[in-house]
Structures are given as C-alpha cells and as structure tokens.
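Have the viewer open and follow along.

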Amino acid sequence: MLEFLTLDGLAPTVLIALFFLAMLAGFVDSIAGGGGLLVIPVLFAVGLTPAQVFGTSKLGACFGSFSASMTFIRRGEVQVRPMLGIIAATFIGSVLGALTLQVIDAGILRDLIPFLLIAIALYMLFAKNAGAFETHRRLSEIAFALIFGIGLGFYDGFFGPGTGSFWALAYVTLAGYTLRRATGHAKVVNFTSNVAAFIVLAAGGHVLWGLGVILAAGQFIGARFGAKLVLSKGAKLVRPMLVVMSLAITARLLAQDPEHPLSRLVLSIWQSVGGSV
C-alpha cells in the first residue's frame, strides 16, 4: 500500500529505521567516533554495493561532523582561523586517500590498525589524567598540521575506522588539549576529511542521494546532542567512550579478518578455555 513511498528501492519502514539509526550513529560519532560501526553494516544488509555504502554513508557523516563542529564553534571551544592550515592539509590528505582507494586495496592496513586502536584504549584507560587538563604543546602547529593533517586525512579517505580516536589522541598528547577541546577540534578536521572523500566518491557516482539525505538528517540531529553532552561532561564522558569505541572498532575489524594474528589468538584462547571446561 505504501510502495509509492519507497526511496532508492527501500521500504518506508526501513527508511525510518535508518533515520533513527543514523541519529544514534551521529550521537556516538560526535563523542568518540565510530558511528560508521552502526550504519555501514546495515547498509550492506539492505543490499547496497560496497561503493554505494561508503559513498552514501559519507554524505551522512559529512552532516553529522558538520553539526558537531558548529556546536563546538558556537560554544567557543574551537576557533576556526588558527585551524585553516590543518584544515587545508587534511583536505588534501583525504582527497589523496580517496583517490588511492580507487587503485589500491585498503586491506593492507587491516593488520596494523587493531594494534593501534587497542593501544589507544589502554592509554585512555590507564592514563587517568590524560586530557583532563591543558598541557604544553609538544609539536609546533605547522608540524602537527603537516604530519597529522595529511596523514590522518589520507587515512580517513583511504580506510577510515578509528580516525576520531587517532585525532583525539594526537590533540591530547602532542597539542596538549583537554579531551573536550580535542574532541571539538577532531570534529572539524573529521568534517574536512569527510567532505573531501565524499566529493571523490560522489564524482564517481557512488551516492544514493535520497537515502543519503535521510542519513544526513539523522546524523545532523544526533551529533548536535552528542556534542552538547561533550561540552557539559568533558573527559568524564569522552574517555570511556573512546575506550569503548576503540575496542568496538577493533572487534569489528577482527571479525572481518579471521586470519588476523589477533583473531587467531582470540580463537586459540577461546578453544583452550572451552576445552578445559
């Protein structure tokens, strides 16, 4: 009866569910990153091709990161002008990453990233004062922009999982920011890399615009709530969320790669425990 309401081949009930899922993804992503963990598997499940999944989800991610960024900027937690250098570097890096993805398999990073994400989770778990207070900068703004703007911009355009965690750690440890301030700045550069990668994917015709608008609306709303919560709770909220999302992204990557050394280790331990019971 509601067939005329279908969009991009998806029924109204599916579209409504995706809208609310996008809201939750935007909320989570604005705090610690990892919102794609929620959206991307579902887009695959409803029948989108890999290129459509990444192109369409990037549209939603653009609006979510924009919403969070504007919330931090309006509250005075982020000043855009001093960030112009790192914004430009991140944009260039992300475009290069997205273009590279067209010719090289991103799987070459799968072995390394889980180890880095576990290291971030352990650091945030045990370094209790990390990001609680402002500290001195350990890397100049120019060096920080060139290394992390281009580096993490490239990574986000090329592969992506855990980018928010990497940015938060970089801003806390090398720029001396609090976790709240680091999260705000991370959203701005994350928005930049999202836009750059989206432009490349959209130019290749990999975006379902109707579905993308629904995801964008949901993530825009969810990210606004999440950013406001970060501003009010600070490190007390961001630290545990970073730990949880870093481990969640690691679990997802390992589940996709049963041949990864960590996957085999976990399986071996599980079989040993199961055999001894």
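Arginine 181 pairs up with glutamate 134 in a salt bridge, and their closest N and O atoms sit 3.3 Å apart. Arginine 181 belongs to helix α8 while glutamate 134 is in the loop between α5 (113–126) and α6, so the pair ties together parts that are 47 residues apart in sequence. Keep in mind that this is a predicted model. In total, the structure holds three salt bridges.

**Salt bridges**

- Side chains of opposite charge can pair when their charged atoms come close.
- Glutamate 77 makes a salt bridge with arginine 180, and here the closest N and O atoms are 3.6 Å apart.
- That pair links distant parts of the chain: glutamate 77 is in the loop between α3 and α4, arginine 180 is in helix α8 (residues 179–203), and 103 residues separate them.
- Glutamate 77 counts as buried at 18% relative accessibility, whereas arginine 180 is partly exposed at 33%.
- Lysine 58 forms a salt bridge with aspartate 156, with 3.7 Å between the closest N and O atoms.
- Which helices does that bridge connect? Lysine 58 lies in helix α3 and aspartate 156 in helix α6 (residues 141–158), so the pair ties together parts that are 98 residues apart in sequence.
- Lysine 58 counts as buried because its 14% relative accessibility falls under the 20% cut-off.
- Aspartate 156 is buried as well, with a relative accessible area of 7%.

**Surface patches**

- Phe63, Phe66, Phe220, Ile221 and Phe225 make up a nonpolar patch on the surface, and together they have about 450 Å² of accessible area.
- The elements giving two or more residues to this nonpolar patch are α3 (50–74) and α9.
- Which element gives the largest share of the nonpolar patch? That would be α9, with three residues.
- Phenylalanine 220 is in helix α9, and with a relative accessible area of 34% phenylalanine 220 is partly exposed.
- There's also a positive surface patch, formed by Arg74, Arg75, Arg224 and Lys228.
- Lysine 228 is in helix α9 (residues 209–233), and lysine 228 is partly exposed, with a relative accessible area of 34%.

- Serine 94 sits in helix α4 (residues 84–101).
- Is serine 94 buried or exposed? Serine 94 is buried, with a relative accessible area of 0%.
- A polar atom of the serine 94 side chain is 2.7 Å from the backbone oxygen of serine 193.
- Threonine 90 is found in helix α4, and threonine 90 is buried, its relative accessible area being 0%.
- What lies 2.7 Å from a polar atom of the threonine 90 side chain? It's the backbone oxygen of isoleucine 86.

**Backbone spacing**

- Leucine 247 has its place in helix α10 (residues 235–256).
- At 42% relative accessibility, leucine 247 counts as partly exposed.
- Valine 172 is placed in helix α7 (residues 163–173).
- Valine 172 counts as buried because its relative accessibility of 5% is under 20%.
- How far apart are valine 172 and alanine 186 in space? Going C-alpha to C-alpha, valine 172 and alanine 186 are 11 Å apart, and in sequence they are 14 residues apart.

Key. Residues numbered from 1 in each chain as written. Predicted model: local features only at pLDDT ≥ 70, side-chain atom pairs only at ≥ 80, totals over all residues. Heavy atoms only, no water. Patch = residues over 30% accessible without salt bridge, like charges linked within 9 Å, V, L, I, M, F, W, Y side chains within 5 Å. Areas by Shrake-Rupley, 256 points an atom, 1.4 Å probe, with all protein chains shown as cover. Salt bridge = Lys/Arg side-chain N within 4 Å of Asp/Glu carboxyl O. Lys, Arg positive; Asp, Glu negative; His and termini not counted. Charge placed at Lys NZ, Arg CZ, Asp CG, Glu CD. Helix = DSSP H or I, 4+ residues; strand = E, 2+ residues; numbered from the N terminus. Buried < 20%, exposed > 50% of the residue type's maximum accessible area, 1.4 Å probe, protein only. Polar contact = N/O pair within 3.5 Å; in protein donor to acceptor, adjacent residues only side chain to side chain.
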